Amino acid sequence: MDKHLLHYKGSIQAMFLVGCLTLVQSFAVIVQAVYLAKAIVHLYKGAPWQEALAEFGIFFAAHIVRHFLQWAKSRIAFRFANRTSLHFQNLLVQKLFRIGPRAISRHGTGNLVTLCLEGIPQFRTYLELFIPRFISCMCIPAVLLAYFFLTDIETGIILLLVMPILIGFLILLGLAAQKQKDARWETYQLLSRHFVDSLRGLVTLKFLGRSKGHKKAIWEVSNKYRIATNRTLRIAFLSSFSLDFFSTLSVAVVAVELGLRLINGHIGFEPALALLILTPEYFMPVRDLGSDYHATMDGKEAGEKIHRLLAEKEDFGTGLSFPIKAWNENSILSAEGLEKRSEEENRAILHDVDFSVRGFKKIGIIGVSGSGKSTLIDLLSGFSTPERGRIKLDGMEVPHLSFPEWQRQVNYIPQHPYIFSGSVRENIAWYAPDAPLEKIEEAVRTAGLSELVANLPNGLDEMIGQGGRALSGGEEQRIALARALLDERPVMLLDEPTAHLDIETEQEIKRLMLPLFENKLVFFATHRLHWVKEMDLILVMDGGKLAECGTYEELYRKKGAFYQLVEAQRGGAENEVLQSVY
């Protein structure tokens, strides 16, 4: 049983209603068996069928009531499961937005895609099946056992002794299935990650001529999943066979015992027949629970993963609100002694960072890989918070920048902009869904997408993203630029948005980007130094510290860390194209 089950909203009410219906259903099962036995005994003794008609009528009425109650239980469980899964789906999506792209990459995009697209439906199926099966397993055998003891103590004792053996064997098989279930889920996640990565990299593989050779890797991953699935099914089939075997054997024992006592005249024909009819009903809830347990193991595991992700410590507090004004030419952002630690590496990845900016400025953040550029962008965007340090906005001290009033002013462009599954129009107008067509078309022209859109069969309505037309890195960045054109937020944060582009494409993107930076506060993290001449202020990161801060001319004349970066990049053979810039 899921340890969180009783904590879900409405779970106790749903279980109470299902429990009440199950109790009534238990009595319907008894009435059904008793009157079926009465009717059969009457006919066996040679009575006219008209005399047995009333018993058959009550039997059919109880049968209808029983299955109507089963339908009602299923409806209650379905509504609860659907409501709960939608609630956790919303919580999961909100959590993913709060933890930010850095934490998402740590968990693995494929894992989270699998959890959102497959885990939630499996979790819903688990709740829908488990609640009525579990309560039936608790109630129906107990009610029938009470009836057995009231009617015939010997039969009650036999069934009381047999049930723990059946349940114990079910537990043993469940423990054996747990290991196979974990292995199957891991290989399923591996398959999902591999599929997502293959889908994203298909254009690159085709360009490199490796798309056909990649099928071997796909076959190997798929074969691992097939083997894990077969092992799980083997345990599931063994479990079902064992439950059927032991329950059938138990029914046979009861039948032999009743038959011997019937021959010896120790029990009447009618009660013996009623008990024999009820005996399979006594074991059926356990059999159903065992069968559905294997069918819902993935859902239970998905639920546990969802809870672990939701319970994961967030890098910032929620629910905080600060009355700050919209960023303008007189606004001031200052930071003193910012520090950020990595729990995985047990070290400070950012420490003693001090800076202050005022108004609409372009701030370049440069440094080698691992110097703290992206960490600083994460702090400024609100995706994470500092362990130490002070942040002030217009003189007001705030513990972090993860509050709505700041984030509503921020436009964030990562290294790999996300292309949503939808049309070109929907992707461009993502932050401004009500933007008129004229503004979207203007953004398309300004971002250099006119030729691409003109060549698409459906123009702006062409589907892109997952399941749609694949775009190159430069085209994805142009989509991100078009989004930014429609978004009038005054603060822009860019985390190496051109790192994966070739120099020609980057220069074209640069020409389109620079006009977007006017009348905005811009933080631009990059390791390509030709951008810094366009910046009003440069923050030079080195080993998590702010090594230098100043304009291009000031830092170059100091011949410090910035000068060394420029000279090192000038001397690199792969950066000869940049020499003309300097």
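In the predicted model, Tyr282 touches Pro141, Leu144, Leu145, Phe148, Leu159, Leu160 and Met163, when residues up to four places away in sequence are not counted. Tyr282 is also, together with Leu5, Leu127 and Leu144, one of the residues with the most contacts inside the largest nonpolar core, which has 49 residues. At least two residues of this core are supplied by each of helix 1 (11–44), helix 2 (49–107), helix 3 (109–151), helix 4 (153–200), helix 6, helix 7 (269–295) and helix 8 (297–311), and helix 3 gives the most, with 16 residues. Apart from this core lies another, of 45 residues, among them Ile366, Ala447, Ile464 and Met535. In soluble globular proteins, nonpolar side chains tend to be buried together.

Helix 3 also holds Ser136, which counts as buried at 9% relative accessibility. With residues up to four places away in sequence left out, Ser136 touches Thr22, Lys73, Pro141 and Pro285. Glu339, in strand 1 (residues 332–342), likewise counts as buried, at 14% relative accessibility. Beyond its neighbours within four places in sequence, Glu339 is in contact with Leu350, His351, Pro386, Glu387 and Arg388, while the C-alpha atoms of Glu339 and Val353, 14 residues apart in sequence, are 7.1 Å apart in space.

The count of salt bridges comes to 17. In one of them, the side chains of Lys38 and Glu270 meet at 2.9 Å, N to O; Lys38 lies in helix 1 and Glu270 in helix 7, so this pair ties together parts that are 232 residues apart in sequence. Lys38 is partly exposed, with a relative accessible area of 25%, and Glu270 is partly exposed with a relative accessible area of 25%. A salt bridge is also formed by Glu154 and Arg261, whose closest N and O atoms are 3.4 Å apart, and this pair links distant parts of the chain, with Glu154 in helix 4 and Arg261 in helix 6, 107 residues apart. Glu154 counts as partly exposed at 41% relative accessibility, whereas Arg261 is buried, with a relative accessible area of 12%. Both belong to a network of salt bridges that links Asp152, Glu154, Glu257 and Arg261.

A further salt bridge joins Lys510 to Glu534, the closest N and O atoms being 4.0 Å apart. Because Lys510 lies in helix 15 (residues 503–513) and Glu534 in the loop between strand 10 (521–525) and strand 11 (537–542), the pair ties together parts that are 24 residues apart in sequence. Of these two residues, Lys510 counts as buried at 8% relative accessibility, whereas Glu534 is partly exposed, with a relative accessible area of 31%.

A search of the whole structure finds zero disulfides. The sulfur of Cys20 is 9.0 Å from the closest cysteine sulfur, that of Cys139, and is therefore too far away for a bond, given that a disulfide requires the two sulfur atoms to lie within 2.5 Å. Cys20 counts as partly exposed, at 33% relative accessibility, while Cys139 is buried, with a relative accessible area of 17%.

Leu249 lies in helix 6 (residues 215–263) and, at 42% relative accessibility, counts as partly exposed.

Note on methods:
Residues numbered from 1 in each chain as written. Predicted model: local features only at pLDDT ≥ 70, side-chain atom pairs only at ≥ 80, totals over all residues. Heavy atoms only, no water. Helix = DSSP H or I, 4+ residues; strand = E, 2+ residues; numbered from the N terminus. Buried < 20%, exposed > 50% of the residue type's maximum accessible area, 1.4 Å probe, protein only. Core = buried A, V, L, I, M, F, W, Y, C linked by side-chain atoms within 4.5 Å. Contact = heavy atoms within 4.5 Å.
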